[in-house]
Every structure is written in structure tokens, then in C-alpha cells.
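Hello,

Here is the structure we talked about. Please have it open while you read the notes below.

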Amino acid sequence: MKILIKNIKELLQVRENTIDKVSGAEMAVLPKIDNAFLVIENDRIADFGTMHNCPNDTFDQVIDATGKTVLPTWVDSHTHIVYAGNREQEFVDRINGLSYEEIANRGGGILNSAKKLNATSEEEIYNQSKVRLEEVMQQGTGAVEIKSGYGLTVEGELKMLRVIKRLSQNYPIKIKATFLGAHAFPTEYKENHLAYIDLIINEMLPRIAKENLADYIDAFLETGYFSVEETERIMEAGKQFGLTAKIHVNQFTAINGIAACVKHEALSVDHLEIVTDEDIIALKNSKTMPVALPSCSYFISIPYTPARHMISAGLPLALASDFNPGTTPSGNMNFVVATACIKMKMTPEEAINAATINGAYAMGISDTHGSITKGKSANIIITKPLTSYYQIPYAFGSNLIEQVIIEGQLI
Ligand SMILES: N=CN[C@@H](CCC(=O)O)C(=O)O
Ligand SMILES: [Zn+2]
């Protein structure tokens with residue numbers, strides 16, 4: 001299958017050579033070609049350039065993109081798309097004045113989702129989750145990380161990870177699976193953290209590794225959830241099974257968790273609504289990608305990740321959705337990009353870099369995704385006619401996407 005996209009008004013995120021991420025001032029640069037063409041062969045980007053050099057070959061399909069912008073699909077490196085039911089009642093409880101913490105302390109929050117998940121069949125969870133996956137693909141997401149973490153029992157965690165595996169087998173979208181058994185302490189382990197961590201390390205991890213169900217390991221490193229020391233044990237155990245860490249940290253409090261994650265060579269540290277100067281020093285010159293989740297800040301009214309401060313310090317930054325039933329019931333990366341510009345004061349160039357190449361780094365796939373580079377996966381968004389790509393964050397809430405191509409397939 002050979003597809004030509006011609007007369008592209010602006011072809012964004014063009015990288016002749018593969019790069020793994022952009023940091024600091026580099027984030028403001030978004031290379032583009034005006035009046036461009038792009039050739040896709042099967043599931044790969046085969047060629048691109050200006051219309052003056054547009055090839056004259058025979059194609060199976062020719063798409064005229066006059067007036068339209070073409071860019072790589074979004075890479076959403078942090079989601080909890082697989083879950084059962086919803087938490088609409090907690091949403092209304094928060095409107096009526098309860099905080100996220102108060103709801104969690106009453107047995108709501110993550111434990112509420114865990115109760116629902118354990119009472120729902122694998123088939124039903126798959127059916128509920130695939131609707132969300134199909135929705136985000138239509139919204140331009142071409143690669144997605146999905147976490148477990150609403151099981152909190154051996155069978156519940158395995159059930160979630162099997163659903164993630166089945167989704168990755170049945171859809172063209174690239175999926176990476178993350179084991180998040182350390183998402184919260186189940187009620188029966190509230191006073192016995194050691195026993196739950198032993199369950200994660202001695203029962204869950206070996207079963208998950210045996211079935212080859214996870215690529216990464218995660219923990220909720222936060223006051224009232226997993227301490228620095230507990231998270232370090234989880235990261236070390238994950239490493240024994242070949243799972244690199246991607247850690248929820250600094251959502252509500254800064255307790256020196258980021259330095260511990262960097263020490264354990266975490267691929268990413270995610271949330272970072274609260275960031276100290278020490279955290280920035282720890283991240284500087286490390287291989288760990290900081291990931292901001294602005295839709296979560298929006299939905300539960302917590303601070304936004306201080307992007308300007310971090311980028312001025314020379315750090316890279318990725319953007320992801322955090323799609324989950326409690327803090328972010330939306331996986332729309334167009335909204336994430338717009339909110340990063342509007343609320344975090346990232347420029348459109350920085351936000352698009354953060355949601356494509358830096359997202360790919362945070363998923364461990366920047367050699368195949370996140371930019372328009374020959375040989376990379378044919379993951380392409382074709383917009384409706386736009387005045388310029390600034391419209392993507394500017395016209396927030398409008399659906400500006402006309403077509404999505406994932407791994408060479410029109411969605
Ligand atoms: N903060 C931890 N985990 C999820 C939300 C958990 C939930 O409330 O279901 C997050 O990333 O926001
Ligand atoms: Zn999350």
C-alpha cells in the first residue's frame with residue numbers, strides 16, 4: 001500500500017535524523033516544511049519534501065491536503081484507559097465541596113475503582129476500555145501507554161494487564177503496558193504495608209513476568225500512598241524482572257521522590273504539579289523525562305506543572321493525558337496541548353514537541369514514533385484547513401482533525 005499526501009500547507013515536526021528528545025531551549029524549535037508532500041509505504045514513512053520534489057510514481061491512494069497541516073500523531077505516555085465503570089458520583093461530591101483526599105479517605109478514589117474492577121469480568125472491562133481506545137485514536141493519538149493499578153489483587157492486576165495485551169493485539173496503535181500494583185494500599189493492608197509490598201514483589205511480579213504482560217513498573221510515590229523507601233523497593237524489584245520504572249510523583253507534595261527515581265534510572269517521572277529547586281537539580285542531566293498531565297490539574301483544580309521554570313532550567317518536558325476515571329476522565333491530547341499553552345504558558349512549538357517526540361521518549365519508542373522521519377511508523381494527523389498550526393491550541397475544544405493514519409492504516 002503506497003499513499004501520497006500532497007499539497008500539505010505545513011508539515012510539522014520534520015526531523016531528517018532520528019532524535020530521542022528535545023530539552024530546554026530546543027523545545028521552542030519545531031522544524032517544518034511548507035507546501036510539502038509525504039509518502040507512506042505500508043506502515044512506514046517512506047519520503048517527504050517540498051512539492052517541487054513530489055514524486056511522479058503510481059500510488060494506491062492520493063490525499064490532497066491543500067490548506068491543511070500534517071503532523072505526527074500524539075504519543076500519550078501516561079494513561080489508565082483500562083478501568084471499570086466510572087466515578088461520576090465523586091465528581092459531583094467534589095463540586096459540592098469534598099476534596100480528592102477526603103473522598104479517598106472515605107474509601108472512594110482508587111479503592112472505589114478497584115472494587116468495581118474486581119467485580120467486573122475481563123470481557124466487560126475489555127469492551128468498556130476499547131471504546132475509550134477507539135475514541136483517543138480518532139482524536140489523533142497513535143501510541144499509548146496503559147497502566148494497571150485498579151486491581152490491587154493478584155487476579156485483578158493480571159486481569160487488567162491481559163486486557164491491555166488484548167487491546168494491543170487487536171488495534172494498530174502502539175501500546176506499552178505498565179504494572180501499577182503499587183497504586184494504593186488495599187484497606188486490609190492499610191496497617192501492614194510490608195505485606196502488600198511483599199505481595200507485589202513475590203506474587204504479582206513473577207506472574208506478570210511469566211506471562212510477559214508488562215513493559216514498565218509504576219508506583220504512586222506520594223504522602224499517604226507509597227513512601228520513598230517503599231517505592232525504591234518496588235523499583236528495585238521491577239528491575240530484577242526487566243521492568244524500567246515510570247513513577248507517579250509530586251502530585252500533591254514534594255518529598256524528595258524525584259531524586260530517588262532518577263537514582264533508579266526511571267524512564268519518566270509523572271505529574272510534578274509541585275516541583276522544588278532540588279527536584280529540578282535532580283532531573284538536570286539525567287535520562288529521566290519529566291511528564292506533565294495538565295488535564296488532571298484542570299479537572300481536580302490543583303496547580304499546573306511549572307513548565308516555564310523547568311524548561312528555563314534546561315529540562316525536557318513531555319505532555320500526557322492521564323486518562324483515568326478519578327482525576328482525568330478524558331484522553332483528548334488536543335485538549336492537553338491547548339491547556340499546556342493556555343495554562344502552563346508553553347508555546348505551541350514546545351507543546352507539540354512535548355506531546356510527540358518527548359512523549360515517545362517517555363514511552364521508550366522515540367526510535368520509531370514522535371516525528372516525521374524516514375523509516376519511522378506512518379502515524380499521521382491530517383487536520384482540517386487551518387490558518388496556521390497555532391489554531392491547534394488556540395481553537396481549544398474544536399475538533400480540527402480530518403483524518404488519522406496509524407501504522408499506515410486510515411482510522
Ligand atoms: N494519582 C494517582 N493515580 C491517578 C488517579 C487515580 C484515581 O483517582 O483513580 C492519577 O494519575 O491521577
Ligand atoms: Zn496517572
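Some ground rules. This is a predicted model: local features need pLDDT of at least 70, side-chain atom pairs count only at pLDDT 80 or more, and totals for chains, interfaces and linings use all residues. Residues are numbered from 1 along each chain as its sequence is written, chains are lettered from A and ligands numbered from 1 in the order in which they are written, and side-chain values use heavy atoms, with hydrogens and water left out.

Helix α4 covers residues 122-138 and helix α5 residues 154-170. (Helices are DSSP runs of H or I, at least four residues, numbered from the N terminus.) Their axes, lines fitted to C-alpha atoms over the stretch in contact, are 10 Å apart at an angle of about 50°.

Now the aromatics. There are eight aromatic pairs (Phe, Tyr or Trp rings, the six-membered one for Trp, with centres within 6.5 Å; planes under 30 degrees apart are stacked, over 60 edge-to-face, the rest tilted). Phe 220 and Tyr 225 have ring centres 4.2 Å apart and planes at 40°, so this pair is tilted. Phe 220 is buried at 2% relative accessible area (buried means under 20%, with a 1.4 Å probe and protein chains only). Tyr 225 is buried too, at 17%. Ring pairs also join Phe 185, Tyr 189, Tyr 196 and Phe 226 into a cluster.

Best wishes

Note on methods:
Axes fitted to C-alpha atoms, helices over the stretch in contact; angles between N-to-C directions. Helix = DSSP H or I, 4+ residues; strand = E, 2+ residues; numbered from the N terminus. Buried < 20%, exposed > 50% of the residue type's maximum accessible area, 1.4 Å probe, protein only.
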